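Q: Could you walk me through this one, starting with the pocket and then the helices and loops?

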Amino acid sequence: MPFKISDVVAAGSLAHREQPVIPVPGGLILRPWSPDDAPAVYEAFQDPVIQRWHAREADSIEETGGWIDGWRNAWSDERDAHWAIADATTDTVVGRISLRLIVLADGQAEVAYWTMPSARGRGIAPRALTTLSDWAFDEIGLHRLELTHATANEASCRVALKTGFAPEGTKRSAVLHADGWHDMHLHARIRDDPAGPPACS
């Protein structure tokens, strides 16, 4: 029995192309992860703020090298897409941003990000998120991007609101962190939404 609705994005739309390097305003780029980035990822995961909002720890550079292998392979599998946020001049890693839980047929994915402690307060996460969102809508053809964060993670909420991810509600007791179950705010940006802050009711 045929489907009445065509896939929003055709299978192979990611796997049939090289993962791109995407320029970000303000002297940054989004680029594929390199095995040489393992020390930077290990350093990031020693930060208490990043540890608080993640379910795993990094015990060694070898371990984070394994994570990077997985991030690189995810592109061809079209299940996730991970980029390093890097300084365009020095290539120094200043953060990470991802499209996760990609469902091309439905035109949907979830965004996630973090920044290195030394890079915070410079607007890096909002610029990277806006750039990646625009690329996902304009170049790939996704229709909806979701963003979730613990209700206690006020910094992530500010990034979401600043970049046009409208609040859609609270998922109660949705994610287990080391300190227990957390309610999660759900935000989303639709393809035709503006990139600026949404109106609040």
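**Pocket, core and loops**

A: The largest pocket is lined by 44 residues, and those nearest its centre are His54, Tyr113, Trp114, Asn153 and Ser156. A pocket here is, on a 1 Å grid over the protein atoms alone, an open set of points where a 1.4 Å probe fits, with protein on both sides within 12 Å along at least five of seven lines, and lining residues have an atom within 4 Å of a point. The model is a predicted one, in which local features need pLDDT of at least 70 and side-chain atom pairs count only at pLDDT 80 or more, while totals for chains, interfaces and linings use all residues. Residues are numbered from 1 along each chain as its sequence is written, and side-chain values use heavy atoms, with hydrogens and water left out.

Q: Switching to α4, is it mostly covered or exposed?
A: α4 is mostly covered, since 12 of its 17 residues are buried, buried meaning under 20% relative accessible area, exposed over 50% and partly exposed in between (1.4 Å probe, protein chains only). Among the buried ones are Leu129, Leu132, Trp135, Phe137 and Ile140, and the helix is followed by Gly141, whose phi is positive, near 95°.

Q: What does α4 give to the largest nonpolar core?
A: That core has 49 residues, a nonpolar core being a set of buried Ala, Val, Leu, Ile, Met, Phe, Trp, Tyr and Cys residues joined through side-chain atoms within 4.5 Å, and α4 gives the most to it, with 9 residues. Trp135 is one of the residues with the most contacts inside this core, along with Leu30, Trp83, Ile97, Leu99 and Leu145.

Q: What does Trp135 touch?
A: Not counting residues up to four places away in sequence, Trp135 touches Leu14, Arg17, Pro20, Ile22, Trp75, Trp83, Leu99 and Ile140, where contact means heavy atoms within 4.5 Å.

Q: Back to α3, what do its buried residues pack against?
A: The buried residues of α3 pack against α1 (38–44), β3, β4 and α4; they are Thr64, Gly65, Trp67, Ile68, Trp71, Ala74 and Trp75. After α3 comes Glu78, whose phi is positive, near 60°.

Q: Where is Asp91 found?
A: Asp91 is found in the loop between β3 (81–87) and β4, and its phi is near 70°, a positive value in a residue other than glycine. At 38% relative accessibility, Asp91 counts as partly exposed.

Q: What is Ala88 in contact with?
A: Ala88, which lies in the loop between β3 and β4, is in contact with Gly27, Leu28 and Ile29, leaving aside its neighbours within four places in sequence. The C-alpha atoms of Ala88 and Ile29 are separated by 5.5 Å, although the two residues are 59 residues apart along the chain.

How values were computed:
Helices (H or I, at least four residues) and strands (E, at least two) are DSSP runs, numbered from the N terminus.
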